[in-house]
Amino acid sequence: MTREKFNIIALAGVVIVAFGLPLVVHSATYLHILILLWLYAYLTTSWNLVGGFAGVLPLGHAAFVGIGAYTSTVLWLQYGISPWIGMLIGGLLATIVGIIIGLPTLKMRGAYFALATIAFAEGLRVMVENIDRLGPFVLNGPRGLQIPPLETGLYSFMFISKIPYYYIILVMLSGVLAFTWFISRSKLGYLLNAGGEEPEAAMALGINVARAKLIAMAMSSFLTALAGTFYAQFTLYIHPKSIISLDLSFEIAFIALIGGRGSIAGPVLGALLLRPVSDFSRIYFGDTLPGLHLIIFGVVLILVMLFQPRGLQEPLTRMFNKLQARLFASKAMEA
Amino acid sequence: MKILEVQRLTKDFGGLRAVDSLDLDIEEGEILGLIGPNGAGKSTVFNCVAGVYPPTRGHIYFRSEEISGRKPWDLCKYGLARTFQIVKPFASKSVLYNVMVGAFAITDKTSEAREKALWVLEYLNFEDRKDTRAGNLTIADRKRLEIARALATEPKLLLLDEVMAGLRPAEVDEMVAIIRRLREQGVTIFVIEHIMRAIMALSDRVVVIQFGQKIAEGLPQQVAADENVIKAYLGEEYAVS
Amino acid sequence: MIYILEDTINGILMGSIYGLTALGLTVIFGVLKVINFAHGSLLMVGMYVAYWTVVLSGLHPYLALVFVIPVMFLFGYYLQDILIKPIFRAEKNVREPITVIIVTTGLWYVLDNLTLLIFGPQYRSIQGNPLQGKMLELGQMLISVPKLWGFVTAILTASLIYLFFQKTRMGRAIRATSLDREAASLMGINQYKVYNVAFGIGTATAGIAAVTLVPFYNIFPTVGVLFDIKGFIIVVLGGLGSIGGAILGGIIVGLIESVAPQFMTATWTEAIVYGLFLVFLFVKPSGLFGMKYDW
């Protein structure tokens with residue numbers, strides 16, 4: 001057995017386990033937790049396209065989640081347009097907004113870019129909180145929008161059981177991971193990496209660094225918005241404070257950073273490690289020690305940044321490689 | 001054909017005039033050396049030509065087209081490549097990766113970029129290091145990497161900014177040989193250098209600047225004997241007059 | 001008409017306090033070239049320290065400064081030393097390490113939620129303090145007395161800090177390091193010590209701002225978030241690294257906040273402040289008085 005075969009089998013194993021979980025997990029609560037886990041893995045992987053590959057620090061990505069959620073929800077509630085179509089439209093809208101935000105800000109230094117994204121996200125939240133109607137569209141301000149669970153089915157993107165949601169988000173996650181993998185091997189991936197590491201050298205080698213980052217931003221905003229629609233259809237209720245919140249933006253960034261931005265598996269890893277912590281500390285300590293999970297996040301973030309700035313995926317990858325080496329070295333010995 | 005024409009180039013930084021009405025040409029296929037005491041303005045000339053900042057006054061023509069003020073990435077696509085005095089490798093990535101980044105200037109496909117990069121590395125006798133992490137290279141190898149990266153972009157004109165700095169004499173000789181070979185690839189070379197023997201051995205012609213102004217121009221031996229040049233480098237006492 | 005004048009004056013007073021809260025941020029940026037995302041949380045910590053000092057000792061809030069300033073200075077000094085210095089050491093060649101932003105953001109979360117855990121979410125205020133609710137009558141206008149005290153404190157603090165940087169040896173060392181840390185260290189200045197001191201000063205300033213706020217502002221664990229974001233806006237407006245700019249930026253924000261609600265809802269006012277912020281970010285990122293920074 002070669003190393004390649006081993007990796008493929010390991011990957012296949014992971015995929016089978018992920019897709020097979022609903023067969024063994026029947027509790028609605030746990031399914032809910034798992035669905036949110038995959039959702040965060042999706043969000044952090046999408047974030048990674050800008051935050052990892054492009055090397056900047058966007059701290060306002062919840063804005064795109066909100067754009068996606070509100071677009072599909074408004075179109076469904078007022079015009080009966082299927083949320084699937086609304087999802088795509090939301091994605092396109094988010095892409096446009098992402099490009100508009102990116103054009104002036106991606107040229108800035110790291111801290112200023114981060115501030116600008118925060119300002120945009122907060123500004124958007126404030127606006128949505130205060131607007132009841134935007135032209136013909138009803139946004140309902142701070143009260144948010146509720147989706148009545150009337151017609152279930154694929155067209156309306158609404159299901160009684162949690163299982164369809166589980167598979168939808170898992171498929172979305174797989175898609176986004178494959179996309180990221182593909183990009184990392186492509187010209188854009190190389191250019192983004194180079195531009196992030198040594199922008200001057202990259203420019204001298206023919207790379208329009210700002211434009212590459214803009215493309216990454218556009219892709220990231222599109223994909224993030226799709227998750228917004230999913231979230232809206234899953235929880236059937238959206239309001240500005242929850243969906244365009246700074247907390248969400250920061251949580252996405254933190255998880256990706258802890259897992260390891262710039263790598264493909266890092267964000268997913270971060271989600272796999274941190275979301276359960278978050279969920280369990282909320283369930284068990286929610287009343288007695290509120291905000292405990294945030295303290296844990298913060299402390300872990302600080303520790304990781306101080307000792308493993310490339311994220312936890314680095315030591316984990318090294319362990320995996322060592323394991324592989326030992327497995328195959330011993331096989332070589334046997335032969 | 002004159003591949004580069006610099007006319008009355010002037011660059012001011014606030015109140016400081018770094019380059020003063022400089023005229024300079026390079027013929028296709030030449031190796032032109034630019035020398036001068038420290039602070040003479042050599043790097044500024046390079047940076048203006050390479051598009052890092054626009055000239056305050058004057059014109060720069062590359063392949064008969066005016067390029068003053070164009071961006072570095074456009075210029076690279078157009079055939080003008082440069083290396084940096086303080087090397088800037090993509091330190092966390094392999095040598096091959098670094099050169100591939102350069103190769104992407106002329107292709108969109110990863111496989112083609114890899115092929116081109118491998119070819120360049122072989123050409124420069126560097127392929128044995130292709131998987132080494134760039135940050136772990138010696139200074140001489142890093143300089144070679146800078147050249148390899150720039151070469152992968154298939155430039156018509158290559159600006160080399162003090163590539164010899166920090167090299168031992170044996171390494172300098174190696175580098176001179178490498179640069180001479182580049183000419184075989186149809187690359188015109190514009191070199192800034194401090195190390196006299198390298199410049200003299202390498203250049204077809206030499207331009208000397210001081211305080212941003214040209215003070216001598218000609219064949220290496222002529223320039224070395226030029227009174228103004230001697231004064232500029234060694235001071236008044238050494239001039240024989 | 002008289003109300004607009006009253007609003008304007010109160011806006012300027014409150015704005016100067018905003019400026020004071022942002023002063024520490026601008027000093028830290030000016031020297032370390034990092035934006036301390038935990039600044040609001042440091043302000044919040046200062047407010048709790050001030051609160052407990054007053055409640056436990058019965059002192060006049062402004063007398064609490066004697067305790068608050070050194071405590072906050074040391075807190076900031078050691079935060080920088082323990083958390084941020086290692087990153088500077090590791091990323092010596094990077095002009096503006098993003099990792100520091102990430103770490104300070106983590107610090108923000110830890111401080112806010114730790115405070116929530118320890119002290120609970122309830123709003124506190126110093127009851128019966130000598131400044132609470134006092135108003136000064138100026139003709140037909142009512143001027144808030146605690147804000148007036150705050151204004152004076154802000155101007156005084158800003159001036160003292162300015163003088164510190166201009167006249168004292170440590171101050172000049174700090175300025176030298178901020179301009180070129182390599183050169184400064186070659187001159188025998190320990191750059192890490194300088195950073196520690198600068199961070200200490202920034203945090204102590206937040207403590208002073210906290211003391212001015214405590215007589216009239218509610219104290220709760222997430223009070224820092226508002227000031228954090230406002231602080232960023234102010235330093236961008238006024239110019240990162242500029243002391244006068246911070247106070248001026250604060251006054252601008254204070255004015256908008258008190259005058260604009262006459263003409264529109266409070267939340268649209270918020271939107272205007274964000275809008276102005278973005279305009280400056282795009283058009284003049286160095287702010288009104290900021291140093292030229294290579295963008």
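**The sheet of chain B**

Modeller: In this predicted model, chain B holds an open sheet of four strands in the order S2-S1-S4-S5, with antiparallel pairing. In general, strands of a sheet pair through backbone hydrogen bonds, either parallel or antiparallel.

Biologist: Which strands of chain B stand at the edges?

Modeller: Strand S2 (16–27) and strand S5 (65–66) of chain B do. Each has a single partner strand, so one side of each lacks a neighbour in the sheet.

Biologist: How many bridges join S4(B) to S5(B)?

Modeller: Strand S4 (residues 57–62) of chain B is joined to S5(B) by two bridges, and the two strands run antiparallel. Within this pairing, Tyr61(B) stands opposite Glu66(B) in S5(B).

Biologist: Which helix packs on the sheet?

Modeller: Helix H1 (residues 42–49) of chain B does, touching strand S1 (2–13), S2 and S4 of chain B. The direction of H1(B) makes about 115 degrees with that of S1(B).

Biologist: Let us turn to the interfaces. How is the size of an interface often given?

Modeller: It is often given as the accessible area lost when the parts come together. Here I describe contacts instead. Two pairs of chains are in contact, and chains A and C share the most contacts. Chain B and chain C do not touch, their nearest C-alpha atoms being 12 Å apart.

Biologist: How many residues of chain A are in contact with chain B?

Modeller: 16 residues of chain A are in contact with 19 residues of chain B. On the side of chain A that touches chain B, helix H7 (187–197) and helix H8 (199–204) of chain A are the elements giving two or more residues. H7(A) gives the most, with five residues. By class, that side of chain A has eight nonpolar, three polar and five charged residues.

Notes:
Residues numbered from 1 in each chain as written. Chains lettered and ligands numbered in written order. Predicted model: local features only at pLDDT ≥ 70, side-chain atom pairs only at ≥ 80, totals over all residues. Pairing = 2+ DSSP bridges. Contact = placed C-beta atoms within 7 Å. Axes fitted to C-alpha atoms, helices over the stretch in contact; angles between N-to-C directions. Nonpolar A, V, L, I, M, F, W, Y, C, P; charged D, E, K, R; others polar.
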